[in-house]
Amino acid sequence: ARDDVAGREVILEQELRAERRRRIDLEAKVTLADTWKTEAAMADRAAKIASSNATLASSAESEAAREWKRQAAEARRAEARAAATTHRAEIAAQQARQELSRHITEEQMYFSQQISAARATEAEVLSEAWRMSGELRSELDVVAHKGRSGGATSSNSNSNSAARQALKDLREVRQRYNNMLDELPGTGETG
């Protein structure tokens with residue numbers, strides 16, 4: 001019976017050892033499974049963080065790309081506005097040059113007309129002066145001729161007063177002639 005008890009003890013010890021091994025193996029498997037689960041969860045978290053970071057980076061890159069596009073579009077609009085402003089300025093400058101040229105041409109025509117009118121008026125004044133001068137010379141010659149032919153004393157006195165009157169008229173004519181010349185546009189005194 002001792003042998004049986006001893007044999008059972010040995011068998012029980014062997015079964016106990018086997019049970020311990022199974023329990024250790026199961027604990028190892030459970031621990032390994034937990035480790036795998038933990039590693040899998042960490043890997044999953046890392047993947048999510050990487051995905052989140054990638055999404056954020058992609059979002060930031062998208063935002064930067066949108067900002068660059070917006071700035072490029074604004075630069076194109078500003079360039080178009082500047083080109084339009086330059087074009088309007090060139091058209092305005094061209095119109096101003098044309099207007100100035102037209103104005104200068106009109107002024108030159110007006111000036112030419114004034115010079116022509118002044119020359120015509122001067123010619124009329126000179127013609128009238130020569131005519132009046134000729135008439136006065138004729139009258140003076142008549143008075144002088146009467147004075148030489150020896151008329152009566154009263155006739156001499158009439159001749160002298162006529163000569164004085166003719167001289168006075170001649171001076172008035174000369175003054176009017178000078179005044180008319182002074183009034184001519186674009187000419188100075190010529191008498």
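Me: Which residues lie nearest the centre of the largest pocket?

Reply: Start with the general idea. Rolling a probe the size of a water molecule over the atoms shows where empty space is left. Now the case here, in a predicted model. A129, W130, S133, R174 and Y177 lie nearest the centre of the largest pocket. In total, 11 residues line that pocket.

Me: Which elements give two or more residues to the lining?

Reply: Helix 1 (2-148) and helix 2 do. The protein has 2 helices and 0 strands.

Me: What is the volume of the largest pocket, and how do its lining residues divide?

Reply: The volume is about 230 Å³. The lining holds 6 nonpolar, 3 polar and 2 charged residues.

Me: Let me pick Y177. Where is Y177 placed, and is Y177 buried or exposed?

Reply: Y177 sits in helix 2, residues 153-183. For burial, look at relative accessibility: under 20% means buried. Y177 has 15%, so Y177 counts as buried. Across the protein, 8% of the 191 residues count as buried.

Me: How far apart are Y177 and V125 in sequence and in space?

Reply: Keep the two distances separate. Along the sequence, Y177 and V125 are 52 residues apart. In space, their C-alpha atoms are 6.9 Å apart.

Me: What share of contacts comes from residues 24 or more positions apart?

Reply: Take the contacts with a separation of 6 or more. Residues 24 or more positions apart account for 54% of them.

Key
Residues numbered from 1 in each chain as written. Predicted model: local features only at pLDDT ≥ 70, side-chain atom pairs only at ≥ 80, totals over all residues. Heavy atoms only, no water. Helix = DSSP H or I, 4+ residues; strand = E, 2+ residues; numbered from the N terminus. Buried < 20%, exposed > 50% of the residue type's maximum accessible area, 1.4 Å probe, protein only. 1 Å grid on protein atoms, 1.4 Å probe; cavity = no way out; pocket = protein on both sides within 12 Å on 5 of 7 lines; lining within 4 Å. Points joined across faces, edges and corners; volume = space filled by probe spheres on them. Nonpolar A, V, L, I, M, F, W, Y, C, P; charged D, E, K, R; others polar. Contact = heavy atoms within 4.5 Å.
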